[in-house]
Amino acid sequence: AMQSVDKPGGIFLYGQPGTGKTYLLTALANDFARQGLKVSFVKVPLFVQDFRQSLEDSEYRQDMLGHLKFSDVVVLDDLGSEGISKWTRDDILFPVLDYRMQNGKKTYFSSNYTPEELLEKYQPDGDRVASLRLQERIRSLAQPVKMTGRSRRNSAA
C-alpha cells in the first residue's frame, strides 16, 4: 500500500471484515494530507445516506460531488456496503469515478467484496453493461489487493 504513494494509481483493498483495510487506508490518507494534498476520505454507506437525505438541496449535493471529483486523493471506504441501486451506481459513483479516471486522480477503495462480487452487486436492475462500466473505472483507477488474516476486532488483547 505504501508503495502506491509514488505511483499514479491507487489500490483496491478487499477482504473479510476486520483485516485492517480501513486502518491502512486511513494511514495512507493521513500521509497524503501531511504532504499538503487535498484528501477526501468517504465512508460510502454514510455518504450515500447523506446524499439521499439532501435531495432537496442541489447546491449541497453538487458541493459533495465536487469534493469527490476534485480532491487530489479520494478514499472510498466500504464500497458495496451502501444501499446499491441504479441511482447510486449511475448518478453518484459512475460520474465521480469517470471524472477521476479521465483526469488521472489518485483513488483508493476498500470493500468486503472481491471485484467479481462487486460486478454482480452493482446490477440491482439487471444491467450488466452499466455494472461493467463502473467496474472498468475502478480497475483503471486502482490495483486490486486482497487483505487476509483474522479480524483485528475479534482478537484478544
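**Salt bridges, aromatic pairs and local features**

Across the whole structure, a search finds seven salt bridges. A salt bridge is a side-chain nitrogen of Lys or Arg within 4 Å of a carboxyl oxygen of Asp or Glu. The model is predicted, so local features need pLDDT of at least 70 and side-chain atom pairs count only at pLDDT 80 or more, whereas totals for chains, interfaces and linings use all residues. Residues are numbered from 1 along each chain as its sequence is written, and side-chain values use heavy atoms, with hydrogens and water left out.

One of the salt bridges joins Lys 43 and Asp 77, at 2.8 Å from N to O. Lys 43 lies in strand S2 (residues 39-43) and Asp 77 in strand S3, so the pair ties together parts that are 34 residues apart in sequence. Helices (H or I, at least four residues) and strands (E, at least two) are DSSP runs, numbered from the N terminus. Asp 77 is buried, with a relative accessible area of 0%. Lys 43 is partly exposed, at 37%. Here buried means under 20% relative accessible area, exposed means over 50%, and partly exposed lies in between (1.4 Å probe, protein chains only).

Asp 90 is partly exposed, at 22% relative accessible area. Lys 86 is also partly exposed, at 48%. Both belong to a network of salt bridges that links Lys 86, Arg 89, Asp 90 and Asp 125.

A further salt bridge pairs Arg 137 with Asp 98, with 3.0 Å between the closest N and O atoms. This pair links distant parts of the chain: Arg 137 is in helix H6 (residues 128-141), Asp 98 is in helix H4, and they are 39 residues apart. Arg 137 is buried, with a relative accessible area of 15%.

Aromatic contacts were counted next. Rings of Phe, Tyr and Trp (its six-membered ring) pair if their centres lie within 6.5 Å; planes under 30 degrees apart count as stacked, over 60 as edge-to-face and the rest as tilted. By this rule there are six aromatic pairs. In one of them, the ring centres of Phe 32 and Tyr 108 are 5.9 Å apart and the planes are at 45°, so the pair is tilted. Phe 32 lies in helix H1 (residues 21-34) and Tyr 108 in strand S4 (residues 106-111), so parts 76 residues apart in sequence are tied together. Phe 32 and Tyr 108 are buried.

Phe 47 and Phe 51 also form a tilted pair, with 5.6 Å centre to centre and 40° between the planes. Both residues lie in helix H2, four residues apart, about one turn of the helix. Phe 47 is buried at 12% relative accessible area, and Phe 51 is buried at 3%. Elsewhere, ring pairs link Phe 12, Tyr 14 and Phe 109 into a cluster.

Two loops complete the account. Asp 78 lies in the loop between strand S3 (73-77) and helix H4 (86-102). Its phi is near 70°, a positive value in a residue other than glycine. Asp 78 is partly exposed, with a relative accessible area of 26%. Glu 56 is found in the loop between helix H2 (44-53) and helix H3 (58-70). Glu 56 is exposed, at 81% relative accessible area.
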